Amino acid sequence: MMLFGKVSQQLCGIKKLPWSCDSRYFWGWLNAVFNKVDYDRIRDVGPDRAASEWLLRCGAMVRYHGQERWQTDYNHLPTGPLDKYKIQAIDATNSCIMSIGFDHMVGLQHVEKIRLCKCHYIEDDCLLRLGQLENLQKSILEMEIISCGNITDKGIIALRHLRKSAGQSLGNHGKLSTFMKPGLLLRLHQQTREQEITKDI
């Protein structure tokens, strides 16, 4: 009841805003709820299961080691031993993941690929958080960023700590300055062509 009361107060508070502002406020608030980290849940079911629930709740997809099929339905996540399903790949296309939810990824040890496409809530601080995750630094092989309009040079440079990364793809971010690690393959998808650059520094 207390939680419902707090939610009602927040919803009532936006009635005074114009409809367009009202809608943006509501969806922003709802997406923040979807991204909230439940540390008790992580402890109870393990980081991979909790992260899977977070990602699918926000509209993303996950693929587990040893499986070809992407998990897209929150209600059909596989059950079994907590250590059986390890996230290998994340496709966050058109999802509402945001920085406040990235603590879900702290315990993930097997993520090799992340795709961020048209993620309107992804900003530089999200990539900074990703670059600081020690487990991800060891496991990640590929990072793809496409049409995330809030990403700047600062965010891309923050990924320099992902030392094992074999490639980073920055779709529709041709305006970004090139920052490259030794042997890194960087693909810049422009409007009419794709430019691939490999450089050792």
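Two remarks on conventions come first. Because the model is predicted, local features need pLDDT of at least 70 and side-chain atom pairs count only at pLDDT 80 or more, while totals for chains, interfaces and linings use all residues. Residues are numbered from 1 along each chain as its sequence is written, and side-chain values use heavy atoms, with hydrogens and water left out.

I begin with the charged pairs. The structure holds eight salt bridges, a salt bridge being a side-chain nitrogen of Lys or Arg within 4 Å of a carboxyl oxygen of Asp or Glu. I shall discuss some of them.

One of them joins D40 and R43, at 2.9 Å from N to O. Both residues belong to helix α3 (residues 39-45) and stand three residues apart, about one turn of the helix. Helices here are DSSP runs of H or I with at least four residues, strands are runs of E with at least two, and both are numbered from the N terminus. D40 is partly exposed at 44% relative accessible area, whereas R43, at 60%, is exposed. For these terms, buried means under 20% relative accessible area, exposed over 50%, and partly exposed in between, with a 1.4 Å probe and protein chains only. A network of salt bridges links D40, R43 and D44.

The next pair is R129 with D103, at 2.7 Å from N to O. R129 sits in helix α5 (residues 124-132) and D103 in the loop between β2 (87-91) and β3 (113-117), so this bridge ties together parts 26 residues apart in sequence. R129 is partly exposed, at 25%, and D103 is partly exposed as well, at 24%.

K113 and E142 form a further salt bridge, at 3.9 Å from N to O. K113 lies in strand β3 and E142 in strand β4 (residues 142-146), so the pair connects parts 29 residues apart in sequence. Relative accessibility is 30% for K113 and 28% for E142, and each is partly exposed.

Which residues line the largest cavity? They are W54, L55, I90, I97, F102, M105, I114, L116 and L130. The elements giving two or more residues to this lining are α4 (47-57) and β3. By class, the lining has nine nonpolar residues, no polar and no charged ones; Ala, Val, Leu, Ile, Met, Phe, Trp, Tyr, Cys and Pro count as nonpolar, Asp, Glu, Lys and Arg as charged, and the others, Gly among them, as polar.

Conventions
1 Å grid on protein atoms, 1.4 Å probe; cavity = no way out; pocket = protein on both sides within 12 Å on 5 of 7 lines; lining within 4 Å.
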